[in-house]
Amino acid sequence: MKKFVIVLLIACLLLGCGIGYFVARHNPAPAPAESVPSDTADAPEAPAETVPDASGIAEEAPVMETRRLDLSALRDRYAPDQVVGSSEGIDVTWEEYFYWLNDMGSQAQSHIDTMALYGQARRWDDKIEADSDTTFAQYTVQMVEDCIREMHTIESLCAENNVTLSAEDEEALAQQLQADIVSYCGEGATEEDFTAFLTETYGSRGMYDRLNRLTMLYGGLYKALYGENAANVSDEEALSYLTDGGYLCAGHILFLTVDSSTFEPLDEETVAAKLATAQQVSDELRSIEDVEARAARFAELKAEYCEDSGKELFPDGYLFAPGTMVTEFEDGVANLGEYEVSEPILSAYGYHVIMRLPLSLELSLQTPDGNSAANARAAYASAQFRSMVSARLEQAQLQLSDELTDFDLMPYLVEQG
């Protein structure tokens, strides 16, 4: 079973969720489009348990978990400003702890409700996995504590590196606030209206401001360490990142053997003609001994013949990590020397005439985790940044008051009809 918490604070910040963190949590943006064209990349398989198959819906209504968190009772347990613990030398208030209880508890409840719709009844005191001793209620508390540790770790890192908000940052935050006020409370609403809205929905104006500022500071921390657009990363560091990661770089001329819209196979006569043309192109390029002349002619023939839908987005070729492209294309590149041209190579998309290129520090690239980066410097900086934050998180401790140590959510679950 997949964990029901999909995105924690650190993941959201690392992916650059923007300053409207509260809004992003409650109105998630659509996933970014695939950065590598389908003509050259394997389509990712859907996670096995992310979306249950419709055939699994029970014919009879499943037994639903009718208990819900009593958020009012939870919120009123302590005063908002009461200190209930500390992490990284920063006090944890009840306002903060309750914010994450509401957030993580809502995600847990959503997961339980969704699974019930597919005939897989879950209750708060059920184990999250068959081989686990942790219940949904316990796991929710663990996620709350993880979020607090992550937030405090980031705040500490920013303070240690003297990262502060600029006047432009403050203005951007003010503009975001005004946009959120209108979005949630309507035209003409005031900050007081917005604060009341957050309170009524068990949110927190203090946490709204804190998280939005922290997201902005987090971007500033990255710039402080690696420069604007990772400009402080040296050529040697960036090239080493590509080499150590087994990156490959190549251009290709694709002759489709399937319909570009339906991906249905083309007729045999058309496919034979495409292969003949691909062979002619390959033979011509392979006969050119001068590397610069061969590269120039490759560009001309690519403009004339290439049917790759990504050629406009990636005119200078693809820079990719192992496992991110179709196998035939990737193996073909790996078997070539720099500026060497392949014979026509058949994949599910068609015939590829490939020219291997030197590793580039400027091309955008696809990383092993499926994300993209502007260039090798940015990829190196992101990897180093994640590693640094993760290492710090491993060491971060959260000390809670005796009342919240091993906090039990079960007494705060109430039956609802």
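Visitor: In what order do the 6 strands of the open sheet stand?

Guide: Strands of a sheet pair through backbone hydrogen bonds, either parallel or antiparallel. Here the order is S6-S7-S4-S5-S8-S9, and the pairing is mixed. Strand S6 (345-346) and strand S9 (372-373) stand at the edges with a single partner strand each, so one side of each has no neighbour in the sheet. Two strands pair if DSSP finds at least two bridges between them. Strands (E, at least two residues) and helices (H or I, at least four) are DSSP runs, numbered from the N terminus.

Visitor: What kind of model is this, and how are residues numbered?

Guide: It is a predicted model, in which local features need pLDDT of at least 70 and side-chain atom pairs count only at pLDDT 80 or more, while totals for chains, interfaces and linings use all residues. Residues are numbered from 1 along each chain as its sequence is written, and side-chain values use heavy atoms, with hydrogens and water left out.

Visitor: How many helices and strands does the protein chain have, and what share of its residues is buried?

Guide: The protein chain has 13 helices and 11 strands. Of its 417 residues, 44% count as buried. Buried means under 20% relative accessible area, exposed over 50%, and partly exposed in between (1.4 Å probe, protein chains only).

Visitor: Which way do the residues of strand S4 point?

Guide: In a regular strand the side chains alternate between the two faces of the sheet. In S4 (residues 248-256), 9 of the 9 residues are buried. Leu248, Ala250, His252, Leu254 and Leu256 point one way, and Cys249, Gly251, Ile253 and Phe255 point the other way.

Visitor: How many bridges join S4 to strand S7?

Guide: There are 7 bridges between S4 and S7 (residues 350-356), and the two run antiparallel. Phe255 stands opposite Tyr351, and Gly251 has Met355 as its bridge partner. S4 also pairs with strand S5 (residues 318-320), in the antiparallel sense over 3 bridges; there, Ala250 is partnered by Tyr318.

Visitor: Where does helix H12 lie?

Guide: Helix H12 (residues 327-334) lies across S4, S5, S6 and S7, at about 130° to S4. Such angles run from 0 to 180 degrees between N-to-C directions, with axes fitted to C-alpha atoms, for helices over the stretch in contact.

Visitor: Which residues of helix H7 are buried?

Guide: In H7 (residues 191-200), Phe194, Phe197 and Leu198 are buried. They cover an arc of only 95° around the axis, which puts them on the same side of H7. The arc is that of the directions from the helix axis to the C-beta atoms. On the other side of H7, Glu192 and Glu200 are exposed. Tyr202, which follows H7, has a positive phi, near 65°.

Visitor: Is Glu65 buried or exposed?

Guide: Glu65 is buried, with a relative accessible area of 2%. Glu65 lies in the loop between helix H2 (21-26) and strand S1 (67-69). Its side chain makes a polar contact with the side chain of Arg67 (3.0 Å). A polar contact is a pair of N or O atoms within 3.5 Å; within protein, one must be able to donate a hydrogen and the other to accept it, and residues adjacent in sequence count only if both atoms are side-chain atoms.

Methods:
Contact means heavy atoms within 4.5 Å.
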